[in-house]
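Please examine the following structure with care.

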Amino acid sequence: MTRSARRPRRTLQVAGVAALLALSACSASDDQSPASASASDSSGSSPSKLSGTVTVFAAASLKESFTTLGTEFEKAHPGTKVTFNFGGSDTLAASITGGAPADVFAAASAKTMAIVTDKKDNATTPVTFVRNQLAIATLPGNPDKIALLKDLTKSGLKVVLCDKTVPCGAAAQKALDASGLKLTPVSYEQDVKSALTKVELKEADAAVVYKTDVRAAGDRVEGVDFPESADAVNDYPIALLKDAPNAEAAKAFIALVRSAEGQQVLSEAGFLKP
Amino acid sequence: MPFALLLPALLGLAFLLLPLVALLVRAPWHSLPEQLTSPEVWQALRLSLVCATAATALSLVIGVPLAWLLARTDFPGRGLVRALVTLPLVLPPVVGGVALLLALGRNGVVGQWLDSWFGITLPFTTTGVILAETFVAMPFLVISVEGTLRAADPRYEEAATTLGASRFTAFRRVTLPLIAPGIAAGAVLAWARALGEFGATITFAGNFPGRTQTMPLAVYLALQSDPEAAIALSLVLLAVSIAVLAGLRDRWMTAS
Amino acid sequence: MSNTEDVMDETEDVMDETEDVMDETEDVMDETEDVMDEGLDARLVVDRGPFRLDVSLTAAPSDVVALLGPNGAGKTTALRALAGLVPLTDGHLRLDGRELDRTPPESRPVGVVFQDYLLFPHLTALDNVAFGPRCHGATKAEARAQAAGWLERMGLADHAGAKPRRLSGGQAQRVALARALATHPRLLLLDEPLAALDARTRLEVRAQLRRHLADFEAVAVLVTHDPLDAMVLADRLIVVEHGEVVQEGTPSDIARHPRTDYIAQLVGLNLYRGHADGHTVRLDAGPALTTTELLSGPAFVAFPPSAVTLHRERPTGASARNLWRCEVAGLETHGDQIRADLTGELPLAADLTTVAAAELDLRPGAPVWATVKAAQTHAYPA
């Protein structure tokens, strides 16, 4: 039970801070793995330490980088476990306001985070930890020679966008509006991964997704950066949740995400610094 | 009435009805008129009804003969074929959608030939919605009709053949009318399943208002931004389903 | 057999009639000799695991042949083989000179009246009858007109619009017959045509069916386990037991000269097999029987239960040579008669009046003496 891990005692909080310090210290090191090991050693020597499960609800686009960070975290804090629920930010926000037990929420837009903060389900003020930029995913080799957002309006081209209700769709619409373009896609996909999948399966010729998604897809798609994407950069806010069953460990995880080490992992995945 | 039966029966009823009641209790009644007058809602509703009906019709055309094959003929591996027919029942619909993409998509095993020979592409089209719904709904029809066929006396078909009817004529003029109630029951099941289809549809046919956005898709996406609208949409879908199912039940199921 | 007496009585009548029929048939046969290719000529072999049917069957047009036999003898299988519903393992099937072995049922000029009629429940009587003509290419209107004609002939014009479940058993039987005849079959098959009817309806329907069969110009084969139906309806009986023909002949011939216990029981005779030498037949079972016929070699002896006289004491006087000491095994009421089953020197069935039974104080286990007059026995070569 995650509930049993909930021990709001000062000593633990102190331990959490200690662990944080240890983490930020080790993240300064270039060689990560031994540093993490030493960090776990140091927290192990500490009289009180983190334990239990941290449940993180995170936007689908964070999947690769957060999974890596979760492993790091568990290594640094033996006895802890990080479980993730990746999905459309809106779906996650709806589950949180619906009472889903979660410690941390990392959303792909301020708007979706607002769903949670409006219901006062957050314990800390959301902070932007990364930003994501849009990119066009095309078929490998870019056979349709897409270079600009405008190229997507070519007739006969099958383009998928995210639905306007999800952040990547809202961002794409913002970019299109800013450029005064009118684009009729074949589908408004339910989330960014679905949009990307359509290109990966070659059912669509192009999709407007996040840069991070293009990178995660490897050589199954080819990414095209377009200048208009600067007009629609998404802020990714993260916050501790009000009813967090394991608030101490959750805070430590948020700290890890915001630490230099965390930022490195995220930027490798294609995210921009906040 | 035995208490041991009555109690679980009432529990079962309550369990099924409670979510519906909750939907009604929490329904944003004030915004309902607004939802109901929105053209997008009607568009999605009409598309849902059209696609579910077309999927049911397609299921009838190819599903009833399939049920006949399973019930009335004997061939090696029939048990396996029957298991495969029911596979879409256990397959998560999203997986079904991906499988359909791999089969009938622009780059699919069969789809690439459809594209290069006939210029037919199925994903992102209304036809794609119908196919996705058929894939998920047809097993209900096949199972229902096969059960009815097994219960029907095959000697009526024999009697028809001794009167000069080919096996097809015997099937069409004797068996089909005899199993009509089973076919109707199966068709209603399939229709209901098709109407509520979400996963395979959004995966295979995508989501575009007026073309592939059926009510369940509209509900799901509304839930992302405006849960109240989603509840209102759900109520509309629910009301239409209940009206149609109740109407059909009276008209078809009792006429045997 | 509760109606063995009826059978015997009616059989007598039938015998006379059938003998006439037989004579006629023989004429027909003579005529068809040169035409050759008329009627039915079949050897039906069907292997079904441990069960094997091997039955030969020939019939001329207008013949009515009954396959008679106990349940499980293979009669229905034979009928289904004739209709093409069961494939032949071996043998042949020729109808009016045409090979039908490989012809699918829908292409055979065969009509079938099924045991429970199998009228299509969703069609009216008229449409049931019109079904065949429709399948043979008639337009809907033509088919219905023909069907109406058949129903008229069956006296069912008033029931044309009725669904089968609204018809009585007898009416349904006639609709089924009309439906089978409406395709003008060259071979009409009837599976237990009267079995589904109650006793009262049966009598009436049997008489009607007999008339319709007499009018029918092609071959009719009916399957029944009821000897009365067989004898009233058919010109010729083929008795089938264990998938084989055990006896074949006119009803009168079979009623008089049963060759198996099954037939003997059906026609209500005591039947024994033995070896004849002059007027004496030494039975395989032991004792000898004196008969009026002069025979030698293997022979059957038959006599009706009513020919047996029972005595409590050994009868004096040597007139009754057929005298056996028996014991009552069981008693059964048979209308106003008592049927006594006897064991002992010669197992036999004896009929006597209730009064006689009371006087003799018959009860199971009681010792009795049974006599049969030689004049009432009937011996014939086996």
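**Confidence, domains and chain contacts**

Among the elements of chain A, strand S3 (residues 104-106) of chain A has the highest mean pLDDT, 95, whereas helix H2 (residues 32-45) of chain A has the lowest, 38. Such values are given because this is a predicted model, and pLDDT is the predictor's confidence in each residue, from 0 to 100. Over chain A the average pLDDT is 81, and 82% of the residues score at least 70. Confidence stays under 50 in pLDDT over residues 1-48 of chain A; for this stretch the model has 67 contacts beyond four places in sequence.

We turn next to the domains. The domain assignment divides chain A into domain 1, given as 49-131 + 235-268, and domain 2, given as 134-231. Between the C-alpha centres of domain 1 and domain 2 of chain A there is a distance of 26 Å. Where the two domains of chain A touch, ten residues of domain 1 are in contact with twelve residues of domain 2. On the side of domain 1 of chain A, helix H4 (89-97) and helix H5 (110-118) of chain A are the elements that give two or more residues. By class, this side of domain 1 of chain A has five polar, three charged and two nonpolar residues.

The last topic is the contact between chains. Here 17 residues of chain A are in contact with 17 residues of chain B. Which element gives the most to the side of chain B that touches chain A? Helix H13 (residues 215-225) of chain B does, with five residues. By class, the side of chain B that touches chain A has nine nonpolar residues, seven polar residues and one charged residue.

Key: Residues numbered from 1 in each chain as written. Chains lettered and ligands numbered in written order. Predicted model: local features only at pLDDT ≥ 70, side-chain atom pairs only at ≥ 80, totals over all residues. Helix = DSSP H or I, 4+ residues; strand = E, 2+ residues; numbered from the N terminus. Contact = placed C-beta atoms within 7 Å. Nonpolar A, V, L, I, M, F, W, Y, C, P; charged D, E, K, R; others polar. Domains from an automatic or database assignment.
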